[in-house]
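Have the model open while you read.

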Amino acid sequence: MKAYKATMDVLNRILLVLSLVTLAAMVVVIIYQVFARQILGSSPAWTEEISRLLFVWVSFFGIAYGFREKLHIAVGLLVNKFPEKVQFVFDFVTKLLIIAFGVILLYYGIQFFILTSKSTMPATGLPSSVLYACIPITGFYVVLNGIELLFKKGLHQQLDDASEG
């Protein structure tokens with residue numbers, strides 16, 4: 001398990017770096033787009049398409065990383081009322097559903113990637129599959145992070161009342 005955790009630490013560090021680089025590139029492209037529109041009088045068509053592509057990628061990377069760090073929103077009001085053993089069952093089933101969601105993203109993401117590989121995006125001429133390649137990548141990470149969650153207690157970060165307000 002230590003080897004798996006170490007491998008996941010490296011893979012998630014790569015995912016985090018890619019997310020930050022993608023976000024930074026998106027900011028640069030949008031700043032250039034605004035500069036070109038306001039100062040130069042017209043913005044290149046590719047800037048809107050590239051910024052949308054980068055936004056989709058950083059959003060999907062955030063989904064994958066959020067599962068690892070237990071950052072997704074949860075409403076545990078009802079589940080917390082049950083005994084601890086019942087909470088454990090809910091927690092375990094939810095983790096299995098997360099893994100199943102990752103498998104669905106991976107499988108259908110690959111299918112969609114193949115389906116869109118013959119079409120191109122109008123402004124850049126890039127294959128449309130570039131936009132959708134993030135779906136199977138996210139599925140891969142969700143499956144691996146979901147497996148890692150199976151060996152962790154709880155599914156969400158515990159917040160104390162002192163940190164609120």
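## Around R68

R68 sits in helix α2; helices here are DSSP runs of H or I, at least four residues long, and are numbered from the N terminus. Before going further, note that this is a predicted model, in which local features need pLDDT of at least 70, side-chain atom pairs count only at pLDDT 80 or more, and totals for chains, interfaces and linings use all residues. Residues are numbered from 1 along each chain as its sequence is written, and side-chain values use heavy atoms, with hydrogens and water left out.

So, is R68 buried or exposed? With 9% relative accessibility, R68 counts as buried; the cut-offs are under 20% relative accessible area for buried and over 50% for exposed, with partly exposed in between (1.4 Å probe, protein chains only). Leaving aside neighbours within four places in sequence, R68 is in contact with K5, M8, D9, N12, N145, E148 and K152. Contact means heavy atoms within 4.5 Å.

R68 forms a salt bridge with D9, and the closest N and O atoms are 2.2 Å apart. Because R68 lies in helix α2 and D9 in helix α1, this pair ties together parts that are 59 residues apart in sequence. A salt bridge here is a side-chain nitrogen of Lys or Arg within 4 Å of a carboxyl oxygen of Asp or Glu. The side chains of R68 and D9 also make a polar contact at 2.2 Å, that is, a pair of N or O atoms within 3.5 Å; within protein, one must be able to donate a hydrogen and the other to accept it, and residues adjacent in sequence count only if both atoms are side-chain atoms.

R68 also forms a salt bridge with E148, with 2.8 Å between the closest N and O atoms. E148 lies in helix α5 and R68 in helix α2, so this pair ties together parts that are 80 residues apart in sequence. Both E148 and R68 are buried.

## The rest of the network

D9 has another partner: D9 and K5 form a salt bridge, with the closest N and O atoms 3.6 Å apart. D9 and K5 are four residues apart in helix α1 (residues 2–40), so about one helical turn separates them. D9 is partly exposed at 33% relative accessibility, and K5 is partly exposed at 39%.

| Salt bridge | Closest N and O atoms |
|---|---|
| D9 and K5 | 3.6 Å |
| R68 and D9 | 2.2 Å |
| E148 and R68 | 2.8 Å |

Put together, K5, D9, R68, E69 and E148 are linked in a network of salt bridges. The whole structure has six salt bridges.

F67 is in helix α2 and is buried, with a relative accessible area of 14%. What does F67 touch, not counting residues up to four places away in sequence? The list is H72, I98, F101, V142 and L149. Take I98: F67 and I98 are 31 residues apart in sequence, and their C-alpha atoms are 8.4 Å apart in space.

V29 lies in helix α1 and counts as buried at 11% relative accessibility. Not counting residues up to four places away in sequence, V29 touches W46, T47, I50, S51 and L54. The C-alpha atoms of V29 and K70 are separated by 30 Å, with the two residues 41 apart along the chain.

Helix α3 (residues 84–115) has 32 residues, which at 1.5 Å a residue should span 46 Å; its end C-alpha atoms are 46 Å apart, so the two agree. The expected span is 1.5 Å times one less than the number of residues. The buried residues of α3 are D91, K95, I98, I99, G102, L105 and G109, and they pack against α2 (45–68) and α5 (134–149).

As for α5, its 16 residues should span 22 Å at 1.5 Å a residue, and its end C-alpha atoms are 22 Å apart, which agrees. Helix α5 is mostly covered, with 13 of its 16 residues buried.

## A patch on the surface

F88, V89, F92, V93, L96 and L97 form a nonpolar surface patch, with about 570 Å² of accessible area together. Such a patch is made of residues with over 30% relative accessible area and no salt bridge, with nonpolar side chains (Val, Leu, Ile, Met, Phe, Trp, Tyr) joined within 5 Å and like charges within 9 Å. Areas come from the Shrake-Rupley method with a 1.4 Å probe, and for residues only the protein chains shown count as cover.

Technical notes:
Helices (H or I, at least four residues) and strands (E, at least two) are DSSP runs, numbered from the N terminus.
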